[in-house]
Amino acid sequence: MKIYTKTGDKGTTSLIGGTRVTKSHLRIEAYGTVDELNSYIGLVRDQEVNKSRADILKEIQDRLFTIGSTLATDPDKNTKMVTPDLQPEDVTLLEQEIDKMTAEVPPLRSFVLPGGHQSVSFGHLARCVCRRAERLAIRLQEESPVEDLVIVYLNRLSDYLFALCRKMTYELQAEEIAWKPRV
């Protein structure tokens, strides 16, 4: 199978179901951002500090592929293609991981600035892309069906990534930089 098909050379692509849309379509932007997020999660997973969390991060990447396939499917077409689905338990897993990490770090006393260590910065980049993916999914939901669970998952995932950044900061003994606004 060739990597290139040339079918998108004029700026269109196919959704699952066969409908052709422009590559600038909001649905393409939404699942493209989920794909970008998945790449950042891979970068976070590859950090030495996350060796013990590699399995959960891989699970998250798998769920992001699920979300991507959901967003890539034309909601107006009945397709014979079976795509995986998101489950409420996927959100519960994130919540359990957030609670576990939060219990292991000092209490949050202020907003924190992203940074302190390169691994932590990668995590914050993933968190920001996750928030963008969530905003795009919400915008898409305003004009076309998007499962509520997709938005819930992305929202919880950004919380997970914030907790992960705090946990990495703690484990790496890096400085957690408190935001001190000018007065």
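The close-ups below come from a predicted model.

**View 1. E176 meets R166 in a salt bridge.** Here the N to O distance is 2.8 Å. E176 sits in the segment after helix 5 and R166 in helix 5, so this pair ties together parts that are ten residues apart in sequence.

**View 2. K167 reaches E104.** The closest N and O atoms of this salt bridge are 2.7 Å apart. The pair links distant parts of the chain, with K167 in helix 5 and E104 in the loop between helix 3 and helix 4, 63 residues apart. K167 is buried, with a relative accessible area of 9%, while E104 is partly exposed at 37%.

**View 3. K167 also pairs with E171.** Their closest N and O atoms lie 3.4 Å apart. E171 and K167 are four residues apart in helix 5, so about one helical turn separates them. Through shared partners, salt bridges join R53, E104, K167 and E171 into one network.

**View 4. F111, L113 and W179 make a nonpolar surface patch.** The patch covers about 350 Å². F111 is exposed, at 63% relative accessible area, whereas W179 is partly exposed at 43% and L113 partly exposed at 38%.

**View 5. One aromatic pair is counted.** The rings of F111 and W179 have centres 6.1 Å apart and planes at 65°, so the pair is edge-to-face. F111 lies in the loop between helix 3 and helix 4 and W179 in the segment after helix 5, 68 residues apart.

How values were computed. Residues numbered from 1 in each chain as written. Predicted model: local features only at pLDDT ≥ 70, side-chain atom pairs only at ≥ 80, totals over all residues. Heavy atoms only, no water. Patch = residues over 30% accessible without salt bridge, like charges linked within 9 Å, V, L, I, M, F, W, Y side chains within 5 Å. Areas by Shrake-Rupley, 256 points an atom, 1.4 Å probe, with all protein chains shown as cover. Salt bridge = Lys/Arg side-chain N within 4 Å of Asp/Glu carboxyl O. Buried < 20%, exposed > 50% of the residue type's maximum accessible area, 1.4 Å probe, protein only. Phe/Tyr/Trp six-rings, centres within 6.5 Å; stacked < 30°, edge-to-face > 60°. Helix = DSSP H or I, 4+ residues; strand = E, 2+ residues; numbered from the N terminus.
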